[in-house]
Amino acid sequence: MTAIEDLVPRVAAKAKAASTDLPPTAGAEEVAEAETVLGFALPPLLASLYREVANGGYGPDYQLLPLVGPGRTALSEYRSERSASAEGETPYWPAGVLPILDWGCAMYAAVDCLSETATVLLFEPNAMTDDGAAAWFVDAGSLAEWLETWLAGTGWYREDADEYEDVAEPTPWEMAASRIAE
């Protein structure tokens, strides 16, 4: 069994245990259409979550955004942030970085869909000065690691996280400036 084949059922079990009202899954056609609109493929694990668990509505604290559908979605937020970044004086949103969770206060968890590991990033606009790269932090080296942290209940975002010494804090994303400039 591959890591994805093992992880997706565990995520589904936790999602179903935490919510009796999960949205339906996104169909393979909806995922493919979203990838066409985005201009890049979703990492296999992320695509599997949307196709096999639910179209958002589960996960850490504020829960994953739906990929597609009415209202706010990962697709609409990506397009909105890319547009605002391109139109503003300080570019800040790199291509291929899909927001998957809104932490509130304009902060996002986002997946770098162009990285081999599907790095999970934290966008924290309050850290941004005249350099959009200053707003980006690595939350987890991979989407699988990020999900394992959620499953284990050990994420930095937990209210009691400061009580534990082993909770990893996000670190600056060293590739941010080069990726924003692409």
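Trainee: What do the buried residues of α2 pack against?

Mentor: In this predicted model, they pack against α3 (44-52), α4 (74-87) and β1.

Trainee: Which residues of α2 are called buried, and which exposed?

Mentor: Across α2 (residues 28-38), the buried ones are Val-31, Ala-34 and Leu-38. Buried takes under 20% relative accessible area, so those three fall below that cut-off. Glu-29, Glu-33 and Thr-36 are exposed, on the other side of α2. Exposed takes over 50%.

Trainee: What puts the buried three on the same side of α2?

Mentor: Val-31, Ala-34 and Leu-38 cover an arc of only 60° around the axis, so they share a side. As a rule, residues three or four places apart in an α-helix point the same way, because there are 3.6 residues a turn.

Trainee: What makes β3 and β4 a pair?

Mentor: Pairing needs at least two bridges. Strand β3 (residues 120-123) and strand β4 (residues 136-140) have four, in the antiparallel sense, so they qualify.

Trainee: Why are β1 and β5 called edge strands?

Mentor: The open sheet runs β1-β2-β3-β4-β5. Both β1 (97-104) and β5 (171-172) pair on one side only, and that makes them the edges.

Trainee: Which residues have the most contacts inside the largest nonpolar core?

Mentor: Ile-100, Leu-143 and Trp-146, in a core of 58 residues. Beyond its sequence neighbours within four places, Trp-146 is in contact with several residues, including Pro-60, Leu-64, Ile-100 and Val-120.

Methods. Residues numbered from 1 in each chain as written. Predicted model: local features only at pLDDT ≥ 70, side-chain atom pairs only at ≥ 80, totals over all residues. Heavy atoms only, no water. Helix = DSSP H or I, 4+ residues; strand = E, 2+ residues; numbered from the N terminus. Core = buried A, V, L, I, M, F, W, Y, C linked by side-chain atoms within 4.5 Å. Buried < 20%, exposed > 50% of the residue type's maximum accessible area, 1.4 Å probe, protein only. Contact = heavy atoms within 4.5 Å. Arc of directions from axis to C-beta.
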